[in-house]
Amino acid sequence: MHRGPFITLNRDSVIRPDGSRGTYDHITVNDGVRVVALDDHGRVVLVEDEFYLQGRRVLHVPGGGIGGQEPHEAAGRELEEETGFVAGNLRPLGVIDPLPAATMARTHLFLATDLRPGTIHRDDTEIGMTVHWWKLTEAVDAVRAGRITEAGSVAALLLAATAAGG
């Protein structure tokens, strides 16, 4: 139905479980990554930027599309591009299906540790992005309070807290 640089809108002819015919609209987008970057003081790096559809600034962990890379590589790239930090250790936390009724795209979640300085390389959509350091426990409290709502960030922060023993 529509093909753009980042999204394709599809309409499939389907046979429903009851045998009747119908259509199913869905979108095709790349898989994504979200990274919980944890420093030696128990702090995580969060980014905040403007999201057009939400009409507000959204606080979330770094991440984005995989852009043809393996998820592990994309996670490292997104972390450095958005925060200016490179992870010495990057391990998977899990994978989620954030919108299974609308897309097959999955979000790969990672925990980054052993952080060292790198170089920020934000794209045009991230011009107003800001970086914040929060204690992991405070970020988890913000999830529970509804202040951090982006699906990949919610899942990644809760999994990171579990992995950290919190």
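Which strands and helix do the buried residues of H3 pack against? I began my entries with this question and return to it below, once the model and the terms are set out.

**Entry 1: the model.** I am working from a predicted model, in which local features need pLDDT of at least 70 and side-chain atom pairs count only at pLDDT 80 or more, while totals for chains, interfaces and linings use all residues. Residues are numbered from 1 along each chain as its sequence is written, and side-chain values use heavy atoms, with hydrogens and water left out.

**Entry 2: the overall fold.** I looked up the secondary structure and found 3 helices and 10 strands, taken as DSSP runs (helices H or I, at least four residues; strands E, at least two) and numbered from the N terminus. Along the sequence their pattern reads β-β-β-β-β-β-β-α-β-β-β-α-α. The C-alpha trace spans about 60 × 35 × 30 Å along its principal axes. Of the 166 residues, 37% are buried, where buried means under 20% relative accessible area, exposed over 50%, and partly exposed in between (1.4 Å probe, protein chains only). Among contacts (heavy atoms within 4.5 Å) with a separation of 6 or more, 60% come from residues 24 or more positions apart.

**Entry 3: helix H3.** I checked the length of H3, residues 151–163: its 13 residues should span 18 Å at 1.5 Å a residue, and the end C-alpha atoms are 18 Å apart, which agrees; the expected span is 1.5 Å times one less than the number of residues. Its buried residues are Gly152, Ser153, Ala155, Ala156, Leu157, Ala160 and Ala161. To answer my opening question, these buried residues pack against strands S4 (32–37), S5 (43–51), S6 (56–60), S8 (85–96) and S9 (107–117), and against helix H2 (136–144). At the start of H3, I noted that a side-chain oxygen of Glu150 comes to within 3.1 Å of the backbone nitrogen of Gly152.

**Entry 4: salt bridges.** My search of the whole structure gave 7 salt bridges, each being a side-chain nitrogen of Lys or Arg within 4 Å of a carboxyl oxygen of Asp or Glu. In one of them the side chains of Asp25 and Arg11 meet at 2.7 Å, N to O; Asp25 lies in strand S3 (residues 21–28) and Arg11 in strand S2 (residues 8–15), so the pair ties together parts that are 14 residues apart in sequence. Asp25 is partly exposed at 37% relative accessible area, and Arg11 is partly exposed at 47%.

I also looked up Asp39, which forms a salt bridge with Arg43, their closest N and O atoms being 2.7 Å apart. Asp39 is buried at 13%, whereas Arg43 is partly exposed at 29%.

In helix H1 (residues 71–83), Arg77 and Glu81 lie 4 residues apart, about one turn of the helix, and form a salt bridge with closest N and O atoms 3.5 Å apart. Salt bridges with shared partners join Arg77, Glu78 and Glu81 into one network.

Entry 5: What aromatic pairing does the whole structure hold? I found 1 aromatic pair, counting rings of Phe, Tyr and Trp (its six-membered ring) with centres within 6.5 Å, and calling planes under 30 degrees apart stacked, over 60 edge-to-face and the rest tilted. The rings of Phe85 and Trp133 have centres 5.4 Å apart and planes at 85°, so the pair is edge-to-face. Phe85 lies in strand S8 and Trp133 in strand S10 (residues 130–135), so the pair ties together parts that are 48 residues apart in sequence.

Notes
A polar contact is a pair of N or O atoms within 3.5 Å; within protein, one must be able to donate a hydrogen and the other to accept it, and residues adjacent in sequence count only if both atoms are side-chain atoms.
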